[in-house]
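Dear colleague,

I am handing over the structure below, with notes on what was found in it. Please read the notes with the model open beside them.

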Amino acid sequence: MVISVRHLGPNWYASVMGTAALALGGAALGGGPHELFVGVWALSLLQLVVLLTARALHWIHHADQARAHLRDPAVAPFYGCLSMALLAVGGGALTLGRDWIGEPAAVVLDSVLFAAGTAVGLAAAVVVPYLMAVRHRVGPGQASPVWLLPLVAPMVSAALGPRLVPHLPPGQPRAALLYGCFALFGLSLLATLLMLTLVFARLVAGGPPPLALTPALFLVLGPLGQSTTAVGAFADVARGVVPAPCAAGFGLLAVLYGVPVMGFAVLWLALAGAHAVRAWRLGMRFTMTWWAFTFPVGTCVTGTAALGRHTGLAVYDWLATVLYGLLVAGWLAAASGTVRGLLSGELLAGPRRVPVAPPPVPGRTTSGAVR
């Protein structure tokens, strides 16, 4: 076990996020096989425990490789996935896990994971961009949607934190948590908008990404869907927590912000999907980046479901159902590829050497990506 975790990078937390998104997206639709969604959430909890243990062993026994991950601009942004994995599993505890472990235990579990995930997310949002500026020395031509991961982590806190509001004492504690989540929303939104311009410029001016990185284009959906989910969550709990005008404002924000942003999300989904089809036809093979087909789409499921609640339009419920079908397909593809890679040992193997003689062959980084 100690040997096998040497090349286990933080990108593996994306599998936890994808499984939790499958559970949370199903719960957001309402109805359906509720017990199955509870089971999927339990699977995400098990994945989280196993990965936390394996990553602890990685840091204890392979600290040199762990430090190399932080120095690698292709890997360091994935530290945002640790935060989002903690938050997603914690959010599922209140929505689904309480049917299994009881509400008191679910509240405690969610509180612990929310606090830990938020702290890790804020640290990643500062540390990773700092390292990119002073150690990684990346250029605009290297811009990748992966750069969004540490910046979107606080948005996940903003979207899932409101679920804990009703479990706090009335008055200041509830209002403080709600306004704190709103602050995290603004922090992540503004930072993400700055980074998105670099990503879009790189895509248009620099051409398509390498085949193995093409699924990462779906990561742009994450902040779009998660921010729409967040404003919907604010409106869900604001009444009686903040003054009536502010509560009404949150209700307006859920619609006036969510509708145009989800419109852009549909546009980006079509663009990313076209690139994915092109990459598949050119021979794109499975890598861990395929998990990008899951959790970003899951945020769009919860975002459109929130719009369905706040607009009353059935079209958003239908769109959420279609997106959930895409999420299921993406999860099955990513999960089956991961299982095959684990059984063959390929996913936990060291990076391949790049031949120095022509023709050049893309080499795999420690994150499983190609550069």
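H1 crosses H11 in a left-handed sense (left-handed means that the near helix is turned anticlockwise from the far one by less than a right angle, right-handed that it is turned clockwise). The model is a predicted one, in which local features need pLDDT of at least 70, side-chain atom pairs count only at pLDDT 80 or more, and totals for chains, interfaces and linings use all residues. Residues are numbered from 1 along each chain as its sequence is written, and side-chain values use heavy atoms, with hydrogens and water left out.

H1 covers residues 13–29 and H11 residues 295–311; their axes lie 8 Å apart at an angle of about 20 degrees. Helices are DSSP runs of H or I with at least four residues, numbered from the N terminus. Axes are lines fitted to C-alpha atoms over the stretch in contact, and angles run from 0 to 180 degrees between N-to-C directions. H1 and H11 are therefore roughly parallel (angles under 35 degrees; over 145 is roughly antiparallel, 65 to 115 roughly perpendicular and the rest oblique). On the H1 side, the residues that meet H11 include Ala14, Met17 and Gly18, and their partners in H11 include Phe295 and Gly298 (contact means heavy atoms within 4.5 Å). The H1–H11 contact has 9 nonpolar, 4 polar and no charged residues (Ala, Val, Leu, Ile, Met, Phe, Trp, Tyr, Cys and Pro count as nonpolar, Asp, Glu, Lys and Arg as charged, and the others, Gly among them, as polar).

H4 packs against H6 (residues 149–160) at about 15 degrees, with the axes 8 Å apart. That makes H4 and H6 roughly parallel. Their crossing is left-handed, and the contact holds 10 nonpolar, 4 polar and no charged residues.

H4 (residues 79–101) also meets H2 (residues 34–61): the axes come within 9 Å and cross at roughly 145 degrees. Here the contact residues divide into 17 nonpolar, 5 polar and 2 charged.

There are 14 aromatic pairs (rings of Phe, Tyr and Trp, the last by its six-membered ring, with centres within 6.5 Å; planes under 30 degrees apart are stacked, over 60 edge-to-face and the rest tilted). Phe182 and Phe250 have ring centres 5.2 Å apart and planes at 75 degrees, so this pair is edge-to-face. Phe182 is in H7 and Phe250 in H9, so the pair ties together parts 68 residues apart in sequence.

On confidence, the mean pLDDT is 91, and 93% of residues reach 70 or more (pLDDT is the predictor's confidence in each residue, from 0 to 100). Over residues 353–367 pLDDT stays under 50.

Regards

Conventions:
Helix = DSSP H or I, 4+ residues; strand = E, 2+ residues; numbered from the N terminus.
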